[in-house]
Amino acid sequence: EYDSLFSYVQNFEEWIEKEQLNRHEYKNQLAVVRCLTKEKKVKEKIDEILEDNINIEDQAVTNLRNLPKGGIKGLMYYKAAIAKKQKIHLTTDVSINEKGLLSKLPEKDIRVLCKLIGIYFDNAIEAAAESRKKNLTIEVYELKDKVNFVFSNTFKNHKNMKDRNSKGVSSKGEGRGNGLYFAGKLIKENSWLEGKQEIIDNYYIQQLTIKKDSK
């Protein structure tokens with residue numbers, strides 16, 4: 001599924017950037033039309049259109065624009081839109097070098113990275129949506145020739161949290177818990193990646209580190 005998604009999110013990157021240029025004018029025009037009509041149904045339809053569109057002007061989405069093109073940016077845009085649609089309080093912070101490590105990764109490594117980001121982002125969205133506070137924070141930063149992706153989310157306690165990396169273990173029932181198991185296998189097969197999980201102050205934190213030599 002993530003292999004199939006990869007080609008689509010590359011196109012999504014281009015679409016997002018074009019939409020960000022046009023969206024202000026689009027909203028302004030709809031606002032003008034809304035003011036011109038007295039019809040309640042017309043106003044409701046305009047409000048519905050604005051609500052149903054991906055909120056690409058949201059600060060959490062805008063912060064992702066510093067990510068390099070090639071698939072990662074598009075995937076993060078897409079997952080951020082899903083998170084916002086589920087009423088999750090999403091915060092993003094990206095601090096990387098424009099010509100840093102991420103921009104130098106070959107496509108085969110980007111595909112591996114996208115699979116892991118997809119798994120971790122999906123899990124974070126699902127867990128945050130179940131929790132009372134519904135908070136999710138994504139950090140991407142470069143430090144000492146390493147790039148870190150950190151997913152921090154609130155969660156509802158489950159009895160099988162300690163076994164979350166085992167095959168088939170999930171709070172959603174039998175056969176649902178393969179994401180983290182496959183993520184662990186991917187990391188073991190790629191020595192340039194490291195994964196770390198911990199729980200701090202009622203937040204589940206998943207860190208993914210790219211430690212590949214920039215050469």
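**View 1. The whole chain at a glance.** Two strands pair if DSSP finds at least two bridges between them. The model shown is predicted, and residues are numbered from 1 along each chain as its sequence is written. Local features need pLDDT of at least 70 and side-chain atom pairs count only at pLDDT 80 or more, while totals for chains, interfaces and linings use all residues; side-chain values use heavy atoms, with hydrogens and water left out. Along the protein chain you can find 6 helices and 5 strands; helices (H or I, at least four residues) and strands (E, at least two) are DSSP runs, numbered from the N terminus. Start at the N terminus and the elements follow the order α-α-α-α-β-α-β-β-α-β-β. Of the 215 residues in the protein chain, 39% are buried (under 20% relative accessible area, with exposed meaning over 50% and partly exposed in between, for a 1.4 Å probe and protein chains only). Take the contacts (heavy atoms within 4.5 Å) between residues at least 6 apart in sequence: 68% of them join residues at least 24 apart.

View 2. How many strands form the open sheet, and in what order? The sheet has 5 strands, arranged 1-2-3-5-4, and its pairing is mixed. Strand 1 (89–95) and strand 4 are the edge strands, since each of them pairs on one side only. On average, neighbouring strands in this sheet are turned by 10 degrees against each other, direction ignored. (Angles run from 0 to 180 degrees between N-to-C directions, and axes are lines fitted to C-alpha atoms, for helices over the stretch in contact.) Helix 4 (residues 72–85) packs on the sheet, where it touches strand 1, strand 2 and strand 3, and its direction is at about 160 degrees to that of strand 1. Helix 6 packs on the sheet too, touching strand 4 and strand 5, with about 140 degrees between its direction and that of strand 4.

**View 3. Strand 2 meets strand 3.** To follow the pairing by eye, look for Val 140, whose bridge partner in strand 3 is Phe 149. Thr 137 has its own bridge partner in strand 3, namely Ser 152. At the turn, the hairpin of strand 2 and strand 3 has 2 residues between the strands, and Lys 144 there takes a positive phi near 55 degrees.

**View 4. Strand 5 between its two partners.** On one side, strand 5 is joined to strand 3 (residues 146–154) by 8 bridges, with the two strands antiparallel. Tyr 204 in strand 5 is the bridge partner of Asn 153, and Ile 210 in strand 5 stands opposite Val 147. Strand 4 (residues 193–200) also pairs with strand 5 in the antiparallel sense, again over 8 bridges. Here Gly 195 has Leu 208 of strand 5 as its bridge partner. Strand 5 (residues 203–210) is largely enclosed by the rest of the structure, because 6 of its 8 residues are buried.

View 5. The hairpin of strand 4 and strand 5 has 2 residues between the strands, and Asp 201 takes a positive phi near 50 degrees. Asn 202 sits in the loop between strand 4 and strand 5. Is Asn 202 buried or exposed? It is exposed, with a relative accessible area of 61%. If you set aside its neighbours within four places in sequence, Asn 202 is in contact with Asn 153, Thr 154 and Phe 155. The C-alpha atoms of Asn 202 and Asn 157 are 9.1 Å apart, with 45 residues separating the pair along the chain.

**View 6. Helix 5 packs against helix 6.** At what angle do these two helices pack? Helix 5 (residues 107–130) and helix 6 (residues 179–189) pack at an angle of about 150 degrees, and their axes lie 10 Å apart. From helix 5, the residues that meet helix 6 are Val 112, Lys 115, Leu 116, Ile 119, Tyr 120 and Asn 123. Facing them from helix 6 are Gly 179, Leu 180, Ala 183, Leu 186 and Ile 187.
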